[in-house]
Amino acid sequence: LSLLAPLRQTDERPAFPGLRLGVNYGLEAVRWVQPVRAGSRIRARFAVVGIVETVPGRYREELDVTVEAEGLARPALVARWLTMYMT
């Protein structure tokens, strides 16, 4: 879970004209599906579920996150990640 932020840095982010600030809004529906052994190679996939303007100039992004570990048949973790962008 703590590796999600560094893994997301390599992912493309939405373009918001005049973006001033992006804030981690939290995680929902975190499910630990399988344990990951120390030293395992992992990867994360991020899928944008939606971007909603909550008030003028504020946008809430919802991402579905899946973390997979090499050699596991099922994902290790699934979650919904919320981020607030302010313009």
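First, the ground rules. The model is predicted, so local features need pLDDT of at least 70, side-chain atom pairs count only at pLDDT 80 or more, and totals for chains, interfaces and linings use all residues. Residues are numbered from 1 along each chain as its sequence is written, and side-chain values use heavy atoms, with hydrogens and water left out.

Now the fold. The protein has one helix and four strands. Helices (H or I, at least four residues) and strands (E, at least two) are DSSP runs, numbered from the N terminus. Along the sequence the pattern reads α-β-β-β-β. The C-alpha atoms fill a box of roughly 45 × 25 × 15 Å along the principal axes.

Strands count as paired if DSSP finds at least two bridges between them. Strand 3 pairs with strand 4 (residues 77-86) over 10 bridges, antiparallel. One example: arginine 60 has methionine 84 in strand 4 as its bridge partner.

On to burial. Of 87 residues, 26% are buried, meaning under 20% relative accessible area with a 1.4 Å probe, protein chains only; over 50% is exposed, and in between is partly exposed.

What makes up the largest nonpolar core? Eight residues: Leu4, Phe46, Leu63, Val65, Val67, Leu77, Ala79 and Trp81. Such a core is a set of buried Ala, Val, Leu, Ile, Met, Phe, Trp, Tyr and Cys residues joined through side-chain atoms within 4.5 Å. Strand 3 and strand 4 are the elements that give two or more residues to this core.

Take valine 67. Beyond four places in sequence, its contacts (heavy atoms within 4.5 Å) are Leu4, Ile42, Arg43, Ala44, Pro75, Ala76 and Leu77.

Last, glutamate 68. It lies in strand 3 (residues 58-69). Is glutamate 68 buried or exposed? Buried, at a relative accessible area of 17%. Its side chain makes a polar contact of 2.7 Å with the side chain of arginine 43. A second, of 2.2 Å, goes to the side chain of arginine 45. A polar contact is a pair of N or O atoms within 3.5 Å; within protein, one must be able to donate a hydrogen and the other to accept it, and residues adjacent in sequence count only if both atoms are side-chain atoms.
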